[in-house]
Every structure is written in structure tokens, then in C-alpha cells.
Number of protein chains: 2
Amino acid sequence: MKLYTFFRSSAAFRVRIALNLKGLAYAPQPVSLPKGEHRRPEYAGANPQGLVPMLELDDGTRLNQSLAIIEFLDEKYAQPQLVPKDALGRARVRSLALLIACEIHPLNNLRTLNYLRKNLRLGDEQVNAWYRHWIAEGLAKLEAELTQTRGTGRFCHGDAPSMADCCLVPQIFNAKRYHCDLAPYPTVMRVFEQCMKLEAFERAQPSKQPDANEQETRH
Amino acid sequence: MKLYTFFRSSAAFRVRIALNLKGLAYAPQPVSLPKGEHRRPEYAGANPQGLVPMLELDDGTRLNQSLAIIEFLDEKYAQPQLVPKDALGRARVRSLALLIACEIHPLNNLRTLNYLRKNLRLGDEQVNAWYRHWIAEGLAKLEAELTQTRGTGRFCHGDAPSMADCCLVPQIFNAKRYHCDLAPYPTVMRVFEQCMKLEAFERAQPSKQPDANEQETRH
């Protein structure tokens with residue numbers, strides 16, 4: 001399998017974690033978002049969404065959207081399970097994953113920040129305030145979910161990592177990068193620390209990727 | 001079942017369509033987002049995410065996040081299928097649904113527009129330009145997916161409605177409300193028109209909801 005990835009992309013980071021948790025080997029194919037490589041015809045032609053990650057199976061089939069890729073991997077390679085078998089557990093894990101994937105990440109990704117900077121001509125202070133606002137709003141909801149709904153264990157759902165944890169960890173990396181105050185989310189951070197003890201998470205982090213030598217500017 | 005819903009919420013609209021397609025009766029519980037009813041303790045206490053839609057089962061179990069709810073309904077009430085049975089079909093339908101739910105909708109929902117207006121003090125013209133920008137970017141990707149990847153039929157995937165169509169239709173309602181130019185997306189619009197011939201979609205639209213008498217201001 002090939003994974004089209006960018007070291008800083010938190011959507012790609014989610015899939016890297018899932019692949020590592022499943023013990024699946026893959027060849028990383030770096031696509032630099034700051035250089036606009038995802039918009040070049042050779043990539044956009046193969047991926048109409050023009051986004052990373054994209055997973056290319058050995059038969060050439062291409063899959064995109066991180067949560068759709070993780071669900072596919074979970075259906076094809078059953079162990080360890082990333083989406084539980086019981087109906088309510090499945091709904092809870094998906095809901096936690098979507099809370100991050102829909103309510104936080106889209107507001108803070110590269111093209112959104114580019115629009116703020118280029119089209120709206122916002123300065124660093126306003127862009128950072130925007131970033132931290134959505135992190136704070138979203139993580140407060142995540143903290144509330146983890147503390148108020150049944151199912152939280154050592155990880156987001158039970159005592160083993162799930163698709164929800166695959167989303168939580170990259171989001172916390174982003175939050176740290178923007179120096180967000182994470183003290184208000186002790187349960188989220190407890191789960192984060194638990195995840196980072198696992199080699200599958202640790203090895204998937206941006207700084208460990210082959211394209212991590214890209215410039216370190218915030219984007 | 002009770003569905004906590006707001007007539008204009010496109011995430012709630014998705015679930016209304018799914019419930020109608022499945023032929024499931026539900027009691028709508030309107031939650032006015034412009035009035036901030038989702039932030040009141042009686043709602044936020046029951047729903048840590050503080051969002052609509054929320055589906056309350058007859059035993060009191062509460063589910064949130066529209067795509068997690070639709071997947072739950074599809075697993076519990078098999079017919080008609082909203083997520084196909086085959087692995088690649090499942091991945092494609094989820095990818096199309098997530099393209100809308102992650103790449104378009106979060107940038108254009110009420111709280112994002114409120115931030116632009118209140119925190120960044122943008123005027124109507126800039127807010128509308130923002131709205132249309134993300135619609136145009138997202139629908140161009142959706143059009144490319146529907147025309148360039150295999151599987152599109154009368155609907156997004158094959159000849160019956162799926163979870164992807166449950167997402168597509170509300171997004172087009174939003175686009176029309178903001179007078180977006182939809183001419184560049186003929187395949188998307190063909191699927192939209194096809195969906196709207198079905199009573200399940202027609203009956204789920206904002207103007208047919210019991211809380212549709214709310215003020216018509218854009219928010």
C-alpha cells in the first residue's frame with residue numbers, strides 16, 4: 001500500500017496511526033501542501049478531492065477521506081478493532097471522531113488559514129486567536145463527552161485505542177503547536193498521554209516522517 | 001424516537017432524510033440555534049457536544065453527530081441501505097459524505113459565520129464571499145468525484161439514495177440560499193434534482209419543518 005501523506009497533515013496522521021495500529025506496512029508518498037503539490041495535475045488527476053491523505057491499495061484502488069480510509073482498514077483487517085462491534089459503541093466512537101474531524105479540524109487547516117491571511121488579510125495575532133478559539137471550543141466539547149458519557153476508559157472508548165484516538169492525538173499535536181492552553185482538558189490530555197506511550201502513535205507523529213525536513217513555518 | 005432538530009441545520013436535515021428513507025417515525029424536538037437554545041443547560045446537559053441533531057432512542061439513549069447517527073440507523077434498520085455492503089462502495093459513500101461534512105459544511109455553519117461577523121467584524125459582503133468560496137471549492141471537488149470516479153448512477157452512488165445523497169441535498173439548499181452559482185456542477189445538480197423527486201427528501205426540507213416559522217434572517 002502507498003499512503004500519500006504530508007507530515008503536518010493531521011488527517012494523514014490519523015491514517016498513519018491506524019496503519020501502525022493494524023501493523024500494516026505502507027510506502028509513504030510525501031505530498032507537500034505548502035508547495036501546492038496536491039493541486040498539481042499528476043496528483044489532482046488521481047485524486048479528485050485534491051487532498052491528503054490518499055491510500056493506494058496494491059491493485060491501484062485509491063481511497064480518500066481519513067475516516068473513510070480508517071473504516072475501510074477496520075473492515076478489511078479486523079484486529080485490533082478501531083471501531084467497536086456493538087452498535088452503541090460504534091456510534092460513540094464515530095461521534096467522537098467526527099467531533100474532531102468536523103467541528104475542529106476544518107476550521108484550522110492550511111487552506112482555511114490561507115484564506116484568513118490572503119483573502120481577509122488577517123495578521124498573525126488574529127489568525128492565532130481564530131485557531132485557538134476553535135481548539136478551545138472543540139476540546140471543551142470533547143472533554144465534556146469523555147467525562148459525561150459512558151464508555152471512556154484508558155482511551156476515548158474503553159481500554160484500547162479506537163478511531164476516536166486516531167483523531168484525538170493529531171488534534172493535540174496541532175493545539176500544542178499553536179501553544180493552546182490545554183489545562184482545561186485533563187481527560188483529553190490523559191488519553192493523549194496514554195496514546196503516546198504506544199509505538200503506533202509515537203511513530204506516526206510529524207517529526208518522525210520522511211518529509212519532516214520541510215520548512216517549519218506555521219501554515 | 002425523538003430528533004432534536006433545527007429546521008435550517010443541514011446536519012439535522014441529513015438525519016431527517018435518513019429517517020424518512022428508512023420509513024422511521026420520529027418526534028421532532030425543535031432547538032433554535034439563533035436563540036442559543038443549544039447552549040442552555042437543559043439541552044447542553046443532555047448533549048455534551050451542544051449541537052443538533054441529537055437522536056434520542058425510546059430507551060433514552062442519545063446519539064449525536066449526523067453521520068454517526070445515519071450509520072447507526074443503517075446498521076439497525078437495514079432497508080433501504082444507505083451505506084453499501086461492499087467494502088469499496090462503503091468507502092466511496094463515506095468519502096463523498098465526509099467531503100461535504102468536513103470540507104464544506106463546518107466552514108459555513110452558524111457559529112463560524114457568527115465568528116466572522118462578531119469577532120472579525122466582517123460585513124455581509126465579506127461573509128457572503130467566504131460562504132460562496134467554500135461552497136465553490138467543495139462542490140468542484142464533489143463534481144470531480146462524481147464525474148471521475150466509478151460508481152455514480154442516478155444518485156451519488158448507484159441508482160438508489162445513500163448517505164452521500166443525505167449530505168448532498170442539504171448542502172445544495174444552503175448554496176441556493178446564498179445564491180451560489182451552481183451551473184459549474186451539472187452532475188451534482190442532476191443528483192440533487194433526482195433526490196428531490198423523492199418524498200423522503202422533499203418532506204425533510206427546512207420549509208416543511210414545524211419550526212420553519214422562525215425568522216428568515218440569514219445566520
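This is a short tour of a predicted model, stop by stop.

**Stop 1: both chains**

Start with chains A and B together. Two copies of a chain are related by a rotation about an axis and a shift along it. Here, a rotation of 180° with 0.0 Å of shift along its axis places chain A on chain B. The RMSD of that superposition is 0.0 Å. This is the relation of a two-fold axis. To find the axis, select A:C102. In chain A, its C-alpha is the one nearest the axis, at 2.5 Å.

Now colour the interface. Of the interface residues of chain A, 100% are also interface residues in chain B, so the two copies meet through the same surface.

**Stop 2: a helix pair across the chains**

Select residues 66-76 of chain A, which form helix α3. Two packed helices are described by the angle between their axes and the distance between the axes. The crossing is right-handed.

Show the side chains at the contact:

- From α3(A): A:L67, A:A68, A:E71, A:F72, A:E75 and A:K76.
- From α4(B): B:A87, B:R90, B:A91, B:R94, B:S95 and B:L98.

**Stop 3: helix α8 of chain A**

Move to residues 163-177 of chain A, helix α8. How far apart are its end C-alpha atoms? They are 22 Å apart. At 1.5 Å a residue, the 15 residues should span 21 Å, so the two values agree.

Next, check burial. α8(A) is mostly covered, with 11 of its 15 residues buried. Select the run A:M163, A:A164, A:D165, A:C166, A:C167, A:L168, A:V169, A:P170, A:Q171 and A:I172, which is among the buried residues. A:A175 is buried too.

Step past the helix to A:H179, which follows α8(A). Its phi is positive, near 55°.

**Stop 4: B:Y43**

Finish in chain B. Select B:Y43, in helix α2, residues 41-44. Is B:Y43 buried or partly exposed? Count the other C-beta atoms within 10 Å: there are 18. Buried would need 20 or more, and exposed 12 or fewer. B:Y43 is therefore partly exposed.

Now show what B:Y43 touches. Leaving out residues up to four places away in sequence, the contacts are B:V31, B:E37 and B:H38. Draw a distance from B:Y43 to B:V31, C-alpha to C-alpha. The separation is 8.5 Å, while the two residues lie 12 residues apart along the chain.

Key. Residues numbered from 1 in each chain as written. Chains lettered and ligands numbered in written order. Predicted model: local features only at pLDDT ≥ 70, side-chain atom pairs only at ≥ 80, totals over all residues. Helix = DSSP H or I, 4+ residues; strand = E, 2+ residues; numbered from the N terminus. Contact = placed C-beta atoms within 7 Å. Least-squares fit on C-alpha atoms with pLDDT ≥ 70 in both. Expected span 1.5 Å × (residues − 1). Axes fitted to C-alpha atoms, helices over the stretch in contact; angles between N-to-C directions. Left-handed = near helix turned anticlockwise from the far one by under 90°.
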